[in-house]
Amino acid sequence: MPPITALLHTKNDALRLGRALEMLLPCAEILIVDHHSADATRRIAREYGARIVTADDQATANHYVDLARYDWVLCLEPAESITEGLQASLFDWSASPSHDGVGSVAGGSAFSVFVREQTGEGWLELPAPETRLVPRSWALWQGRLPASGPSAIALQGELLRFALP
């Protein structure tokens, strides 16, 4: 059973961070990279048992993935939360013996999730899944999140992206 590290970058996200962290039960570790928050972000992260590191403005995305304790990393933004369906998929995924080694699943392939984004008119389903569960060795990054992997396997369930805290 491969454990998962959840990785989130924060900066003054106290009002929304709890919603993101409360659904991360399938993750054995929560790693917060804090970009010098001046609010209660760090306190809230500690309340959820997160390990907090201070961001280094010169560090690459790979640097923070290397800090993860586990070989699989789920990347989220503080304004996002996983649904119960995605939570169940992550529990099932981590219990599957076919994921024991990072390289044993489609050559170390990544996994993607479908995203629903909150708008002023309601919820918008984004047309393409986003790569979010990656092996620690993942080299394709777009800012703080994994770049889309063309061979990423879509997990069941959704990621919710909230516009408001």
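Reader: Is N12 buried, exposed or partly exposed, and what makes it so?

Author: This is a predicted model, and the value is computed from it. The relative accessibility of N12 is 38%. Buried requires under 20% and exposed over 50%, so N12 counts as partly exposed.

Reader: What can be said of phi at H36, and how do you classify the accessibility of H36?

Author: H36, in the loop between β2 and α2, has a phi near 60°, which is again positive in a residue other than glycine. With 48% relative accessibility, H36 lies between the limits of 20% and 50% and therefore counts as partly exposed.

Reader: How do you know that the side chain of S37 makes polar contacts?

Author: A polar contact needs N or O atoms within 3.5 Å. The side chains of S37 and D34 are joined at 2.5 Å. A polar atom of the S37 side chain also lies 2.8 Å from the backbone nitrogen of N12. Leaving out residues up to four places away in sequence, S37 touches T10, K11 and N12.

Reader: What makes T5 buried or exposed, and which polar partners does its side chain have?

Author: T5 sits in strand β1. At 0% relative accessibility, against a limit of under 20%, T5 counts as buried. Its side chain forms a polar contact of 2.7 Å with the side chain of E29 and reaches the backbone nitrogen of Y70 at 3.4 Å.

Reader: How do you know that the buried residues of α1 line one face of the helix?

Author: The buried residues in α1 are A14, L17, G18, A20 and L21. Viewed down the helix axis, they fall within an arc of 165°, so they line one face of α1. An α-helix has 3.6 residues a turn, so residues three or four places apart point the same way. The buried residues of α1 pack against β1, β2, α2 and β5 (80-82).

Reader: What makes up the largest nonpolar core, and which elements supply it?

Author: The largest nonpolar core has 30 residues, and L8, L24, I32 and L133 have the most contacts inside it. At least two residues each come from β1 (4-10), α1 (14-22), β2, α2, β4 (72-76), α4 (84-95), β6 (111-119) and β11 (153-161). The helix α1 gives the most, with four residues. A second, separate core of 16 residues includes L31, V33, A55 and W141. In soluble globular proteins, nonpolar side chains tend to be buried together.

Reader: Which residues does L133 contact, leaving aside its neighbours within four places in sequence?

Author: L133 is in contact with I4, W72, V73, L74, L90, W93, A110, F111 and L155.

How values were computed: Residues numbered from 1 in each chain as written. Predicted model: local features only at pLDDT ≥ 70, side-chain atom pairs only at ≥ 80, totals over all residues. Heavy atoms only, no water. Polar contact = N/O pair within 3.5 Å; in protein donor to acceptor, adjacent residues only side chain to side chain. Contact = heavy atoms within 4.5 Å. Core = buried A, V, L, I, M, F, W, Y, C linked by side-chain atoms within 4.5 Å. Buried < 20%, exposed > 50% of the residue type's maximum accessible area, 1.4 Å probe, protein only. Arc of directions from axis to C-beta.
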